[in-house]
Amino acid sequence: MTNEIRCKRIIDGKTYNTETATLLGQWEADDAPIEEALFKTRHGAYFIYVFLDTEPDEWVTPLTAAEAQSWMEEHCRPELTEAEFGEMPEAGDPEARITLRIPETLRKRIAAIAEQRKQSVNAWIQRCLERSAEEAETAQ
């Protein structure tokens, strides 16, 4: 950004101050005189600071966490987005978590087999379940 960002606004009784907030990312349009910066307040609220070279004033707009994440996905490196919002799942089917209770002796056997095959226990169990599901589907 070409301008030093110093802006404080009160919106709906809440203060949004670029000097006390954390700067998460910046973006400048290549083909327009607009600059944006995403901030997070000390209390976890997100806001966007917008500056237009053609206007004498600047704007501060509060954002929801989902809006801030979308802004970062569009304008920031993936590492910055994941640092703020956590690791993102790979594209494809969403994952589900299940809890399975098994005897400790079976868990140890599974862990040893997975280690022999240089796999995680999760990956080995998932492959076993996939094979069993395929067998059950073809047997019908």
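This note sets out the fold, the overall dimensions and the pockets of the structure above.

1. Basis. The structure is a predicted model, in which local features need pLDDT of at least 70 and side-chain atom pairs count only at pLDDT 80 or more, while totals for chains, interfaces and linings use all residues. Residues are numbered from 1 along each chain as its sequence is written, and side-chain values use heavy atoms, with hydrogens and water left out.

2. Overall fold. The chain contains 4 helices and 6 strands, where helices (H or I, at least four residues) and strands (E, at least two) are DSSP runs numbered from the N terminus. Their order along the sequence is β-β-β-β-β-β-α-α-α-α.

3. Dimensions. The radius of gyration of the chain is 24 Å, whereas a compact globule of 140 residues would have a value near 14 Å; this radius is taken over C-alpha atoms, and the globule rule is 2.2 Å times the number of residues to the power 0.38. The C-alpha trace spans about 70 × 35 × 30 Å along its principal axes.

4. The sheet. Four strands form an open sheet in the order S3-S4-S5-S6, with antiparallel pairing (two strands pair if DSSP finds at least two bridges between them). Strands S3 (22-28) and S6 (58-63) are at the edges with a single partner strand each, so one side of each has no neighbour in the sheet. From one strand to the next the twist averages 20°. Between S4 (residues 34-40) and S5 (residues 46-52) there are 7 bridges, and Ala-37 is found opposite Tyr-49 in S5.

5. The helix on the sheet. Helix H1 (residues 65-75) lies across S3, S4, S5 and S6, at about 50° to S3. Contact means heavy atoms within 4.5 Å; axes are lines fitted to C-alpha atoms, for helices over the stretch in contact, and angles run from 0 to 180 degrees between N-to-C directions.

6. The largest pocket. Its volume is about 810 Å³. Of its 20 lining residues, Ile-98, Asn-122, Ile-125, Gln-126 and Leu-129 lie nearest its centre. On a 1 Å grid over the protein atoms alone, a pocket is an open set of points where a 1.4 Å probe fits, with protein on both sides within 12 Å along at least five of seven lines; lining residues have an atom within 4 Å of a point. Grid points are joined across faces, edges and corners, and a volume is the space filled by probe spheres set on the points. Helix H4 gives the most to this lining, with 9 residues.

7. The second largest pocket. This pocket has a volume of about 210 Å³. Its lining includes Lys-14, Tyr-16, Arg-42 and His-43.
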